[in-house]
Amino acid sequence: MAERTFVMVKPDGVGRRLAGEVIRRFEAKGLKLVGLKMQIMKAELAETHYAEHAERPFFKDLVGFITSGPTVQMVWEGNGAVDTVRKMNGATNCLDANVGTIRGDLGLSLQNNIVHASDSIDTAKREIALYFDDTELLDYPMPDDAWLS
Ligand code: CMP
């Protein structure tokens with residue numbers, strides 16, 4: 001199976017009506033959408049998701065922000081999906097992100113940086129399992145698969 005990564009549009013991305021723009025960019029790149037849902041996250045799930053940041057001074061604000069409104073969870077599949085999506089998202093701080101990336105083109109904030117994506121294949125496995133059951137992830141051919149491998 002091709003590489004999979006987890007992506008989440010954060011409350012600022014949904015609130016600024018950018019969910020479609022985020023999806024459009026990954027689709028246009030040639031990645032395949034294999035899972036999609038939305039939810040207003042509960043604090044417990046947010047704390048589990050961001051457990052590696054638990055000791056950071058911004059942790060409370062981060063959990064408050066990510067639970068403050070609707071979020072979109074997605075799984076994208078394709079060649080080098082993890083690194084490709086990280087590059088397309090850009091640097092964590094929108095002010096440092098290159099023009100041409102999602103954060104560089106669409107944001108001005110460090111915390112409210114529109115989108116989250118897994119930083120490694122192992123993280124992707126953990127994050128996908130946090131939000132999706134196997135039955136919610138689709139395995140299907142696309143007519144253009146042959147041109148994108
Ligand atoms: P994300 O890629 O989702 O991973 C952790 C998130 O914490 C990050 O994007 C930012 O939204 C947020 N973050 C990282 N560093 C800081 C910081 N110094 N202050 C506030 N929020 C931060």
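This text walks through the ligand site and then the aromatic pairs. The model is a predicted one.

Start with the ligand. The space it takes is the largest pocket. Around the ligand stand Lys10, Tyr50, His53, Phe58, Leu62, Thr92, Arg103, Leu110, Gln111, Asn113 and His116. By class, this shell splits into four nonpolar, five polar and two charged residues.

Asn113 uses its side chain instead, with a polar atom 3.1 Å from an oxygen atom of the ligand. How much of the ligand does the protein bury? Taken alone, the ligand exposes 460 Å². The protein buries 80% of that area.

Now turn to the aromatic rings. The structure holds two aromatic pairs. One of them joins Phe6 and Tyr131. Their ring centres are 4.7 Å apart. Their planes meet at 10°, and planes under 30 degrees apart count as stacked, so this pair is stacked. Where do the two partners sit in the chain? Phe6 belongs to strand S1, residues 4–9. Tyr131 belongs to helix H7, residues 121–131. The partners are 125 residues apart, and the pair thus links distant parts of the chain.

Notes: Residues are numbered from 1 along each chain as its sequence is written. This is a predicted model: local features need pLDDT of at least 70, side-chain atom pairs count only at pLDDT 80 or more; totals for chains, interfaces and linings use all residues. Side-chain values use heavy atoms; hydrogens and water are left out. A residue is near a molecule or strand if one of its heavy atoms lies within 4 Å of it. A polar contact is a pair of N or O atoms within 3.5 Å; within protein, one must be able to donate a hydrogen and the other to accept it, and residues adjacent in sequence count only if both atoms are side-chain atoms. Accessible areas come from the Shrake-Rupley method with a 1.4 Å probe; for residues, only the protein chains shown count as cover. On a 1 Å grid over the protein atoms alone, a cavity is a set of points where a 1.4 Å probe fits but cannot get out, and a pocket is an open set with protein on both sides within 12 Å along at least five of seven lines; lining residues have an atom within 4 Å of a point. A molecule sits in a cavity or pocket if more than half of its atoms lie within 2 Å of its grid points. Ala, Val, Leu, Ile, Met, Phe, Trp, Tyr, Cys and Pro count as nonpolar, Asp, Glu, Lys and Arg as charged, and the others, Gly among them, as polar. Rings of Phe, Tyr and Trp (its six-membered ring) pair if their centres lie within 6.5 Å; planes under 30 degrees apart count as stacked, over 60 as edge-to-face and the rest as tilted. Helices (H or I, at least four residues) and strands (E, at least two) are DSSP runs, numbered from the N terminus.
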